[in-house]
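Good morning, and thank you for making time for this item.

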Amino acid sequence: MTTGPSILELQSVSKHFGGLSVVHDLGFAVRCASRTAIIGPNGAGKTTVFNLICGLYPLDAGRIMFNGNDISAVPSRRRISLGIARSFQNVRLMPHLTALENVMVGQHSRFSGLSGILQPINLLPNNRWRAEARAALADAGLAFCESAMIASLPYGVQKRVELVRAVMARPRLLLLDEPAAGLNSAESEALQQLLDRICGDTALTLLIIEHDMHFVGTLCDHVIVLDFGSKVAEGTMTEVRKDPLVQQIYLGTVAKECSHAARCA
Amino acid sequence: MSGYLEGVLVLLAVNVVFAYGAFLPLAAGQLNLGLAGFAAIGAYAAAYASNSWALAPTLAIVVGGLIAGVVALAVAVPVLRTRGIYLALATFALGQIVQATILNLEIVGGAAGYPVASFIRLPTIAVFALVIALIVATLFATRFGIAVRAVHDDEIAADLLGVHVRSVQVAAFTMGSVVAGIGGGLYAHHFSFIEAQNFNIALSITVVLYVLLGGTQSVLGPLVGAAVFTLLPELLRGSQNWRYVIFAAALIVLMALRPQGLVTRVQLRRLLAMNPQPRGAAA
């Protein structure tokens with residue numbers, strides 16, 4: 001599964017906060033157009049890895065290659081125009097904007113200059129950017145909420161709006177931080193369908209942090225297991241499941257996993 | 001029109017201009033307590049331009065606003081490095097520096113104040129207020145408007161979406177200062193005399209109050225806030241000196257009941273029925 005060109009590669013990446021080493025000498029590659037999951041116990045450094053990839057924190061050591069270029073020194077703001085977009089563990093939509101306006105913020109990386117920033121997107125109802133954002137929401141089955149303020153929408157809907165916003169940047173790599181967390185099974189399924197649709201018609205690569213193993217199992221073709229900021233295993237879901245170390249630190253024994261699966265069924 | 005009514009309406013129009021000056025940075029999440037300083041720069045620069053260069057008052061007022069904007073742009077980069085309460089204090093200090101500088105600037109009269117030769121009346125001031133309100137409303141209907149709100153709501157998420165947070169903040173701060181400077185120029189040319197005390201911290205705080213109580217979510221907020229809080233004290237004039245007590249009590253009640261301001265976006269949508277199609281069942 002590790003063959004084929006990689007779109008993202010972390011090389012000996014380390015990050016510590018004060019005396020606490022959160023990511024230690026971490027290296028992995030994400031294959032182009034794959035759906036890769038990062039799993040591991042809480043505190044393993046998964047979200048920190050995301051924050052390093054999108055440039056929220058500077059690296060202490062190592063480098064991050066994207067599409068063959070070293071992006072370690074590229075400021076966070078510019079990484080989305082290179083093709084890296086993300087969602088957040090707790091939805092980070094703008095509460096004082098409508099769903100449609102939030103989605104239009106997602107287009108921000110696709111223009112430049114004064115004429116771009118002065119586009120009258122809320123003045124003319126048929127503005128090109130506005131029409132595109134409305135179509136994207138409608139396509140995701142979210143047309144009903146386009147003029148609703150974010151705070152008035154259910155959590156599951158907010159998660160899907162955030163996903164639509166991230167996709168508006170036309171990314172090549174989409175980082176999703178616990179997309180299914182806090183969703184009921186119907187909402188989780190709606191999200192998964194939306195992800196399938198998004199990935200279906202583009203060569204989008206997904207990198208997902210998720211604790212819901214059912215979600216990971218159905219969506220992802222490659223799994224990376226982190227513990228204490230290092231990679232402890234990597235492979236398909238089936239391979240990783242069999243790894244005794246992964247069972248010990250995260251997944252639990254086969255018996256527990258079976259009973260969990262039975263509960264979910 | 002009676003002199004009293006004209007006086008109240010001039011005050012209203014000038015306050016609306018000041019309110020938009022405070023609104024622009026507030027909409028981007030910055031509390032600018034140096035507004036009076038930029039109003040002073042605009043007032044003195046405009047007065048000097050019409051007195052010494054014999055510029056037409058309207059032109060002098062625009063020039064004064066632009067000079068206030070240039071000063072704002074120069075100080076924005078260091079000042080906007082600070083956040084929250086520190087930004088408020090830094091801008092407050094900035095206002096004090098401007099005031100103290102004027103007191104020592106003999107070319108514009110220093111502590112004795114500065115008379116302004118040319119005079120403008122209500123129509124000119126009202127047109128300025130209207131045009132500024134329209135420009136701000138148009139600006140907020142562009143992508144810049146949602147970028148400003150995005151920065152206000154979540155700087156980190158905005159940055160990761162490609163918004164140049166610092167530029168948006170500097171632009172909002174600078175444009176707000178241009179507007180405040182224009183307000184100062186209008187004030188100077190109507191009242192024909194300015195002194196440093198006209199532009200003290202009380203002005204900054206009052207104007208910020210207009211905007212916060214009117215609401216920062218919509219471009220109508222500053223207009224409503226300035227109108228209510230200019231006209232309310234006048235309506236209470238019958239109650240002699242108690243009007244200040246009643247006014248202050250009304251402020252506190254309002255802050256308790258509507259901390260988000262008088263005008264909110266949710267309320268506007270309901271009012272304008274901008275969402276006529278029935279809401280589908282939540283998916």
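Two residues are said to be in contact if their C-beta atoms, placed from the backbone, lie within 7 Å. This is a predicted model, in which local features need pLDDT of at least 70, side-chain atom pairs count only at pLDDT 80 or more, and totals for chains, interfaces and linings use all residues. Residues are numbered from 1 along each chain as its sequence is written, while chains are lettered from A and ligands numbered from 1 in the order in which they are written.

The contact involves 34 residues of chain A and 31 residues of chain B. On the side of chain A that touches chain B, α2 (76–82), α3 (99–105) and α4 (113–117) of chain A each give two or more residues; helices here are DSSP runs of H or I with at least four residues, strands are E runs of at least two, and both are numbered from the N terminus. The largest share, four residues, belongs to α2(A).

Turning to the sheet, four strands of chain A form an open, antiparallel arrangement in the order β2-β1-β4-β5, where pairing requires at least two DSSP bridges between two strands. Because β2 (20–31) and β5 (69–70) of chain A each have a single partner strand, one side of each lacks a neighbour in the sheet. Strand β1 (residues 6–17) of chain A is joined to β2(A) by eight bridges, and Val13(A) has Leu26(A) as its bridge partner in β2(A).

Finally, confidence: the model scores ipTM 0.88 and pTM 0.89.
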